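User: I would like to learn how to read a predicted model from its helices, strands and loops. Can you take me through it one feature at a time?

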Amino acid sequence: MPRPDKLKLGTFVYTFGFHPAAWLHPDSDVRGANDLGHLTRCARISEAAKLDFMFFADSPASAVGDAGALARNPTKMNRFEPITAITALSQHTDRIGFVATASTSYYEPYNVARLFASADHISRGRIAWNVVTSDHDETGYNYNREGLAPHAERYERGEEFIDTVFGLWDSFEDDALLLDRESGVYHDKDKLHALDHKGKHFQVRGPLNIARTPQGRPVIAQAGGSEQGMELAARTAEMVFSLASNIEKNRAFYANVKGRMAAYGRDPDDLKIMPGIVINVGETREEAEAKAEALVRLMHPDVGLLMLQEFLETDLHGADLDKPFPMDRMPATAKGSKAMFEELKEFVSQGHTMRELITHYARRHTGNGLTGTPAEVADFMQEWFETRAADGFILMCPTLPSSLEDFTRLVVPELQRRGLFREEYEGTTLRASLGLSTPPTRHALARGRARA
């Protein structure tokens with residue numbers, strides 16, 4: 001059935017594109033990792049097409065492993081810190097939003113609250129925080145720790161972290177700034193609140209030393225398919241970047257997460273489920289398939305093997321690439337994404353070779369894969385949107401900016417023709433674009449309850 005709202009679309013940003021061989025593509029800017037101009041071009045292409053946001057995934061981990069393979073893959077070892085990057089990009093754009101990743105395992109709540117509030121003010125209300133707990137052991141070695149804390153402990157810390165940040169963002173009420181030169185009073189002393197948080201993981205007095213932001217607070221994004229992740233999303237998130245191998249699984253995930261929101265007094269429309277999808281599109285299917293195959297040929301097997309080892313956190317050296325995956329090297333449980341781990345287990349159970357698994361993971365380690373014509377891509381998106389398997393999609397462009405240009409030139413007009421996607425932005429903030437409400441401060445809510 002047609003929906004009254006519109007499809008939401010965001011551009012996923014690794015410097016050169018989602019595919020690990022993207023930097024080898026002849027249309028890529030090989031110096032782009034250290035040039036804001038490259039990202040500015042991608043932002044302007046996205047904004048011209050009226051996309052909702054650009055999403056910067058990130059990990060502070062340093063890449064470790066086979067030095068030869070690392071030398072072939074610049075994905076981790078040369079890229080901007082995302083909050084810095086999105087703040088700069090906001091000054092070269094007017095409407096598109098920006099999502100930056102920051103880990104609750106390695107920041108402090110006050111840092112995150114202040115950084116994102118500042119970015120939201122500087123961008124005039126176009127910022128989102130992608131909340132992660134981190135999922136690689138090597139990250140901890142850069143932060144005075146030995147590896148990664150257990151999954152449950154990371155989520156426990158993450159929940160308290162988010163609550164503390166929310167409290168800090170509520171320090172100033174909406175009308176706290178009086179700016180009264182005649183009386184000499186800058187802010188209303190009764191509308192600036194200390195937090196005085198004392199919990200298991202954090203002690204934060206506050207208040208935050210920056211006023212309430214143009215969006216009330218930055219939009220909250222999250223990924224995670226675990227039980228804890230879904231519950232946290234239902235309570236706190238406004239965008240969820242999901243992973244599912246088929247439409248039925250994502251319909252179930254969509255209903256599961258949104259079905260939990262009533263328990264927290266939240267409207268399901270205040271959460272957008274957005275699967276990541278790797279898209280190769282061409283004027284014809286043959287053209288699209290040729291683009292995908294060209295990137296597969298460019299990727300060195302050692303790079304794919306290193307990526308797979310990092311995710312599984314198991315030693316795969318010496319394994320025959322043309323024989324089935326050695327199941328004795330498959331870990332019992334996931335350290336990172338549980339949804340992706342289960343997908344890989346299912347894939348290898350079908351007898352695929354190590355080489356096939358490397359290619360599969362390289363293509364799909366953050367989303368589905370779709371190769372086809374503009375009509376085929378639009379058909380896919382329309383079915384997922386209208387049957388409530390998704391509210392929109394994260395575009396995992398294999399190369400940047402060329403794959404993004406293909407999508408905006410070929411697919412966006414088809415989506416607009418079908419009435420599925422906007423032709424103009426609905427407002428000036430990311431919340432307005434996504435159709436999200438502005439959360440009141442806890443102090444306004446408390447006064448409302450007291451009056452009731």
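User: Which residues of helix 4 are buried?

Analyst: This is a predicted model, and the cut-off for buried is under 20% relative accessible area. In helix 4 the buried residues are Pro 109, Val 112, Ala 113, Phe 116, Ala 117, Ala 119, Asp 120 and Ser 123.

User: Why do the buried residues of helix 4 line one face?

Analyst: The general idea comes from the turn: an α-helix has 3.6 residues a turn, so residues three or four places apart point the same way. In this case, looking down the axis of helix 4, the buried residues fall within an arc of 160°, so they line one face of the helix. Helix 4 covers residues 109-123, which makes 15 residues. From first C-alpha to last, helix 4 reaches 21 Å, close to the 21 Å expected at 1.5 Å a residue.

User: What covers the buried residues of helix 4?

Analyst: The cover includes helix 3 (82-89), strand 3 (97-103), strand 4 (127-132) and helix 6 (151-169).

User: What follows helix 4?

Analyst: Arg 124 follows helix 4, in the loop between helix 4 and strand 4. The phi of Arg 124 is near 60°, a positive value in a residue other than glycine. Arg 124 is exposed, with a relative accessible area of 65%.

User: Where is Lys 50 found, and what is its phi?

Analyst: Lys 50 is found in the loop between helix 1 and strand 2. Its phi is near 70°, again a positive value in a residue other than glycine. Lys 50 is buried, with a relative accessible area of 18%, whereas Arg 124 is exposed.

User: Now the strands. In which sense do strand 3 and strand 4 pair?

Analyst: Strand 3 and strand 4 pair in the parallel sense, over six bridges. Val 99 stands opposite Ala 128 in strand 4. Between these strands the chain passes through helix 4, and this β-α-β crossover is right-handed.

User: Which way do the side chains of strand 2 point?

Analyst: In a regular strand the side chains alternate between the two faces of the sheet. In strand 2 (residues 53-56), Phe 53 and Phe 55 point one way, while Met 54 and Phe 56 point the other way. All four are buried.

User: Which strands pair with strand 2?

Analyst: Strand 1 (residues 8-13) runs parallel to strand 2, joined by four bridges. Gly 10 has Phe 53 as its bridge partner in strand 2. The chain gets from strand 1 to strand 2 through helix 1 (residues 36-48), in a right-handed β-α-β crossover. Strand 2 also pairs with strand 3 in the parallel sense, over four bridges, and Phe 53 stands opposite Gly 97 in strand 3.

User: Is helix 3 mostly covered or mostly open, and what lies over its buried residues?

Analyst: Helix 3 is mostly covered, with six of its eight residues buried. These are Pro 82, Ile 83, Ala 85, Ile 86, Thr 87 and Leu 89. Their cover includes helix 1, strand 2, strand 3, helix 4 and strand 4.

User: What is Leu 89 in contact with, neighbours in sequence aside?

Analyst: Leaving aside neighbours within four places in sequence, Leu 89 is in contact with Leu 36, Leu 39, Thr 40, Phe 56 and Phe 98. Leu 89 counts as buried, at 0% relative accessibility.

User: Which strands run antiparallel?

Analyst: Strand 5 (residues 177-180) and strand 6 (residues 185-187) do, joined by two bridges. Asp 180 stands opposite Val 185 in strand 6. The hairpin has four residues between the strands, and Gly 184 takes a positive phi near 75°.

User: Where are cis peptide bonds found?

Analyst: One runs from Gly 206 to Pro 207, with omega near 0°. Pro 207 is in the loop between strand 8 (203-204) and strand 9. Another joins Leu 400 and Pro 401, with omega about 5°. Pro 401 lies in the loop between strand 14 (392-396) and helix 14 (402-417).

Conventions
Residues are numbered from 1 along each chain as its sequence is written. This is a predicted model: local features need pLDDT of at least 70, side-chain atom pairs count only at pLDDT 80 or more; totals for chains, interfaces and linings use all residues. Side-chain values use heavy atoms; hydrogens and water are left out. The expected span of a helix is 1.5 Å times one less than its number of residues. Buried means under 20% relative accessible area, exposed over 50%, partly exposed in between (1.4 Å probe, protein chains only). The arc is that of the directions from the helix axis to the C-beta atoms. Contact means heavy atoms within 4.5 Å. Two strands pair if DSSP finds at least two bridges between them. A crossover is right-handed if, with the strands pointing away from the viewer, the path from the first strand over the helix to the second runs clockwise.
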